[in-house]
Each structure stands twice: as structure tokens, then as C-alpha cells.
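Please read them with the structure open.

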Amino acid sequence: MTDSTSNDMTATPRMPGGPLPRFDTPLVPRNSISGRALIAVVAIMTFLASLTTGAVILVASAASEWQSDVAREVTIQIIPAPGRDLDAAAAKAAAAARAFPGIADVRVYSKEESAKLLEPWLGNGLKLDELPVPRLIVVKIASGAAPDIPQLRRMLAEQVPGATLDDHRGWIDRMRAMAGTAVAAGVAILLLVIAATMLSVTFATRGAMATNKPVIEVLHFVGAKNGFIAGRFQRHFLRLGLQGGAIGGGSAIVLFALAGAISGWFAGSAGAEQTAALFGSFSIGIAGYIAVLGQVLLIALVTAVTSRHTVNRTLDTID
Amino acid sequence: MVRFENVGLRYGLGPEVLRDLTFRIEPHSFQFLTGPSGAGKTSLLRLLFLSLKPTRGLITQFSHDVATLSKDAVATLRRRIGIVFQDFRLLDHMSTYENVALPLRVMGRREDTYRDEVIELLNWVGLGERMWALPPVLSGGEKQRAAIARAVIARPQLLLADEPTGNVDPSLAQRLLRLFIELNKSGTSVVIATHDIALMDQYDARRLVLHEGRLHIYD
């Protein structure tokens, strides 16, 4: 026992040397093991949720790009028939299409170009004159325009015998269904990941709070009001949640930025073109980054609200 | 200051642990609360400290009926009561100085307004040299004195102590008793829960004796 004599009880006030005085240690202990574990859980779950969000955004934007690319083009076919001058019919159909409102560009595929299209299936050295191959005219729709395609179809049928118009409706419908399914599945997975994140963050926060029960009790017994105690814990856990969220969300943002940069560096190569065709620019865009930041804030709020709820429940059990 | 009228207490559906308690604690009074283990001393202290509500009867503290108080009002009232727990309940992550200053801090006072007060009290209880030490490195007696200093720093009108000499040697017990007597002389009403008869024999004070849930008063 290091108790001093009774004279110490009347000793004059003095500041001893030794360790630096601490006047303002936070009421809620920082840097505890449970606090660090909570930061790790929040960081990992935020990272996973951010990756899922990014993946869903990539799939959704790629699907929308596929659809719009296909929908911006229609094809006119001139079917060969005995006595039909395909070149004249193609030129007439092209002229009619060019004059139609909302059309940006019309390009008639020459015989050689048509042969090139068929090369993968029929081999080279193909003589198109010997085959009844239809002539193709690719019509590009002006951006932002919505031309009356049924009217164009009717007009072509009237003016150019053997001309048919394909607006790729069947492809677009199938693509829309496929993209819709992919996006819906992605959103479902995202919701599950967010729910798992909320639950794990809630339980990790409760676990971290359990070690702080003595602090809550002491503050309560020395006359702290419930709002004061809950406020201190909420602020502390909001900070922990933001730290974990910043680590997890920040890592995800860095990863997306790197993926975008890498896909930019390899642009032009065959592999990169395939990837770009599938996933677009590989960038989640400003909206994606905002969504990740939103998740970080949401998860930090969940930790703060859970801590407040746990403090209030603990206070209820004390009294 | 404190008035109990026909107060009874039971936990859940169990038997009454305290029965028909009727007594007063007057300002500037000093009393020992004693009785065998399990007689209900800690329960009575908790009633006095407003951390339990009676299952029947009336408790009035500082002219307030405790049954009608809101949680915030209880917290405000509790600032007029100091309590020394048997297990000290010091916060291990804070220095002795900060533990003692805690009641003033939660009242919202700025640190520079109470620093001298806290240092003076720490010197008075003999912890002047240990004020920057963390509780885990304090001896049992030092912890006990830190807990007492924390209980009295806000100059409470009522001081409750639960077995304050239970963990210390007889000479320190005697010194702690002198400390309580000094506090009482400075105007604080003191209730010391103890079953240390030797301690009670050292000071002629009112005795509240709990036996089988009933209170017997020896003035």
C-alpha cells in the first residue's frame, strides 16, 4: 500500500511531474480492441457493398449502351427478284431514307462489302452475282430524334419494290429482357449485401458497446443525463463508422478509378475492345461515386444510431 | 432531506426484500446502515440513490416525490447525492484526476473552472502525487479514496457509501471514517452501509439496522 500519512490530507495543492497531465480524455474510450474490430467490420462490409453497387451500375449502364447503340440504327434490305435492278432500287431507297426526317446518315453497302459480310460463312472468292444476296442499306438515326419508323417502312414498301425495313425490334426486346434481368439480379444482390452490411455493423456495434457498459453506468451514476451519455456514444460511434466507411468506400473508389484508368491505357487493343463492348468504359461515373459515398454515410449513421439505441437500452436496464 | 413512508421493495415476483420502511435522513446527519449480509443494505442504498423505485410506499427526496420524476429530473437530483461504490467503479481509461472531476464535467463545467478544486481535494484525500495515474495502477486504498473524492467533488448534500472500508486495512478504515466525519462536519449528510462493527464503535452515530427486510433505528 502506498498510502501516505494523514498529513497528506492537508498537503498544499501541487502539480506533480511524471506523465503528462490529461484533462480531456474522451468519456468514451478510444482505440479499444472492440472499436478497432468495429472499424475493420465496417470497412470490409462497406468495401463489399461499394463493389456490388459499382458492378450493378456498370451492368446497368452497359446494358443501356447496348440498347441505344442497336436502337440508333435500322437496316433496309432490297430483296433480289428476277428483272429487278438492285443498284437502282438501293439508290432509290437510300434517297427516300435520306429525305426522311430524323435520319442522320444513310450508307449503302456495295456488293463487295456485302461479300465481306458473308465471308465468315461462305469463304472468300465469293461471286455475289451467282447468288440472290439482298442489298443492305444502314440507316443511322439522328441522336435525340425519334423518326416515324412505321411511316418510313410504308413509304419504302410503296416506292421501292422488294424493300423491307428491319428496326431490330426483336433484338432490342431480347436485349432489353436480358439487361433487365441482369440489372434486377444485381439490384437484388446489392440489397442483400446492404442488408448483410447493416446487420453485421449493427451486431459489431452492439459488441463494441458491451465493453462500454461500465462507462455508461458510471456516467449515469455521477448525474449525466441520458441525452448527454447517448450523444457522447453516438458521436464516438459515428466517428468509428466514418473511419471504417472511409477505408472501405475509399478502397472501392480507388479500385474503380484504377479499373477505369487501366481500361483507358489498353484502349485500342482487341481484348480491350471486347471488354468495352461488354462493360462500356468501365467507369462507374459521378453517380457511382456519389452512391459509394452515400453508402459510407449510411453505414456510419447505422453505427451511430445503433450505439444510441444500445445506450438507451442499457440505461433502461440500470434503472 | 429524505423521507421514507411505508416503503416496500420486491424484485419481480419474489418476496419483499424491504418491508414497511419509515424513516428520515435529516440535513447534516450522520448514520451507519448495517445488518447481516443479504439484509437489503445495498437495495436500500439503491433506493436512496434513485436507481431503484419502490414497489410500494412513498419516498421523498429534497422535497420531490421520486415516483413522479422524469429521467432527466432524476439525473439532476442525483447530482445532489454522492455515492461510493463497494467496487469503486472508476473509469480505467481516465486518470485519477479525470475520474474525480467527472461529476463536474458531466454538469457541463469547463475544465479550467474546476481544476484547482479537484487538485485541492485530491491533495486532501492524499492522492496529490497520484492524480495522473490510471486506476489500474492504484492500490485498493487509493482507489477507495479516489472513489470518495469523486463522490464529494460536487459538494453533494447527501453522501452514500457502500462498505467503504470493506477492502482496506484497519488503519486506513479509521482514516476514511475520519474523512467522512470531516465531510459531515462541512454540512453533508452521510449514510455509511457497513457490517464492520469495529468501525461503527469508533464513532457515536445513529444506526439504521436492517434485519429480515425491516428497519430498526437506534438513535
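Which residue in strand 5 of chain B does Thr60(B) stand opposite? The answer is in point 2.

1. A caution to begin with. This is a predicted model.

2. The sheet in chain B. Thr60(B) faces Asp65(B), which belongs to strand 5 of chain B. The two strands here are strand 4 (residues 56-61) and strand 5 of chain B, joined by 2 bridges in the antiparallel sense.

3. Two loop residues to check. Most residues other than glycine have a negative phi. Ser63(B) has a positive phi, near 70°. Ser63(B) sits in the loop between strand 4 and strand 5 of chain B. Ser63(B) counts as exposed because it has 7 C-beta neighbours inside 10 Å, and the cut-off for exposed is 12 or fewer. Glu212(B) is not a glycine either, yet its phi is positive, at about 50°. Glu212(B) is in the loop between strand 9 (206-211) and strand 10 (214-218) of chain B. Glu212(B) has 11 C-beta neighbours inside 10 Å, so it too counts as exposed.

4. The nonpolar cores. The largest has 114 residues. Among the residues with the most contacts inside it are Leu219(A), Val100(B) and Leu122(B). The largest share, 13 residues, comes from helix 1 (residues 33-71) of chain A. Apart from this core lies another, of 16 residues, including Ala89(A) and Leu165(A). What does Leu122(B) touch, leaving out residues up to four places away in sequence? Its contacts are Thr96(B), Tyr97(B), Val100(B), Leu127(B), Gly128(B), Met131(B) and Ala149(B).

5. A helix pair in chain A. Helix 1 of chain A packs against helix 7 (residues 226-265) of chain A at an angle of about 35°. Their axes are 7 Å apart. The crossing of these two helices is right-handed. Helix 1 of chain A contributes residues including Gly35(A), Val42(A), Phe47(A) and Gly54(A). From helix 7 of chain A come, among them, Gly241(A), Gly245(A), Gly248(A) and Phe256(A). The contact holds 12 nonpolar and 11 polar residues, with no charged ones.

Terms used: Residues numbered from 1 in each chain as written. Chains lettered and ligands numbered in written order. Predicted model: local features only at pLDDT ≥ 70, side-chain atom pairs only at ≥ 80, totals over all residues. Pairing = 2+ DSSP bridges. Helix = DSSP H or I, 4+ residues; strand = E, 2+ residues; numbered from the N terminus. Core = buried A, V, L, I, M, F, W, Y, C linked by C-beta atoms within 7 Å. Buried ≥ 20, exposed ≤ 12 C-beta atoms within 10 Å, placed from the backbone. Contact = placed C-beta atoms within 7 Å. Axes fitted to C-alpha atoms, helices over the stretch in contact; angles between N-to-C directions. Left-handed = near helix turned anticlockwise from the far one by under 90°. Nonpolar A, V, L, I, M, F, W, Y, C, P; charged D, E, K, R; others polar.
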